[in-house]
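Welcome, and please take a look at the model below. The notes that follow walk through its overall layout, its helix packing and a handful of residues.

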Amino acid sequence: DAERRQILKKEGERVLNAMRGFDVVCSLAIEGKQYDSPELARALGAHFDMGRSICFIIGGSLGLSPEVQRRGDCRLSMSPMTFPHQLARVMLLEQIYRAHKINANERYHK
């Protein structure tokens with residue numbers, strides 16, 4: 001347990017440094033809010049329309065440190081299932097791309 005806390009603390013410090021300067025921090029978490037694609041497009045579009053920059057945080061296999069969780073402005077869940085970090089990155093990127101297409105009224109999402 002002490003080793004887990006130490007790993008989360010070190011990783012959390014690196015993550016907190018990397019997200020400096022972003023207006024909105026959204027962490028991916030199983031217990032986060034689930035959106036369908038049009039809902040996510042509207043949520044992201046509202047931030048982008050206001051000129052806000054968004055940082056998405058995907059935790060490692062141990063999750064996110066309490067400090068990173070507290071810094072987050074929102075929590076997003078792609079599913080109640082757990083996915084490998086690399087797969088979550090691809091899924092998130094595809095959803096962001098899909099959201100931009102929806103907001104631009106371009107044909108992609110269906």
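## Ground rules

A residue is called buried when its relative accessible area is under 20%, exposed when that area is over 50%, and partly exposed in between, using a 1.4 Å probe and protein chains only. By that scale R71 is partly exposed, as its relative accessible area is 29%.

This is a predicted model, in which local features need pLDDT of at least 70 and side-chain atom pairs count only at pLDDT 80 or more, while totals for chains, interfaces and linings use all residues. Residues are numbered from 1 along each chain as its sequence is written, and side-chain values use heavy atoms, with hydrogens and water left out.

## The chain as a whole

Let's begin with the overall layout. The protein chain has 4 helices and 3 strands, and they follow the pattern α-β-α-β-α-β-α along the sequence. Helices here are DSSP runs of H or I with at least four residues, strands are runs of E with at least two, and both are numbered from the N terminus. The C-alpha trace spans about 50 × 30 × 20 Å along its principal axes.

Of the 110 residues in the protein chain, 29% are buried. The accessible surface comes to about 7400 Å², and carbon and sulfur atoms hold 52% of that surface; such areas come from the Shrake-Rupley method with a 1.4 Å probe, and for residues only the protein chains shown count as cover. A contact means heavy atoms within 4.5 Å. Among the contacts with a separation of 6 or more, 81% are between residues 24 or more positions apart.

## Where α2 meets α4

Two packed helices are described by the angle between their axes and the distance between the axes. Helix α2 (residues 37-49) packs against helix α4 (residues 85-103) at an angle of about 80 degrees, and their axes are 8 Å apart. Each axis is a line fitted to C-alpha atoms, for helices over the stretch in contact, and angles run from 0 to 180 degrees between N-to-C directions. The two helices are therefore roughly perpendicular to each other, given that angles under 35 degrees count as roughly parallel, over 145 as roughly antiparallel, 65 to 115 as roughly perpendicular and the rest as oblique.

Which residues of α2 and α4 make the contact? From α2 come S37, P38, L40, A41, R42, L44, G45 and F48, and from α4 come Q95, I96, R98, A99, H100, I102 and N103. The residues of this contact divide into 8 nonpolar, 5 polar and 2 charged. In this scheme Ala, Val, Leu, Ile, Met, Phe, Trp, Tyr, Cys and Pro are nonpolar, Asp, Glu, Lys and Arg are charged, and the others, Gly among them, are polar.

## Salt bridges

A salt bridge here is a side-chain nitrogen of Lys or Arg within 4 Å of a carboxyl oxygen of Asp or Glu, and by this rule the count is 7. One of them joins R98 to E94, with the closest N and O atoms 2.8 Å apart. Both residues lie in helix α4, 4 residues apart, about one turn of the helix. R98 counts as buried at 17% relative accessibility, whereas E94 is partly exposed at 24%.

In helix α3 (residues 66-71), E67 and R70 are 3 residues apart, again about one turn of the helix. Their salt bridge has its closest N and O atoms 3.9 Å apart. E67 is partly exposed at 37% relative accessibility, and R70 is exposed at 62%. The side chain of R71 meets that of D73 in a salt bridge of 3.3 Å, N to O, and D73 is partly exposed at 48%.

## Residues to visit

V68 also belongs to helix α3. Is V68 buried or exposed? With a relative accessible area of 1%, V68 is buried. Beyond its neighbours within four places in sequence, V68 is in contact with G12, V15, L16, M19 and I57.

M81 sits in the loop between β3 (74-76) and α4, and is exposed with a relative accessible area of 55%. N105, in the segment after α4, is exposed as well, at 72%. Most residues other than glycine have a negative phi. N105 has a positive phi, near 55 degrees.
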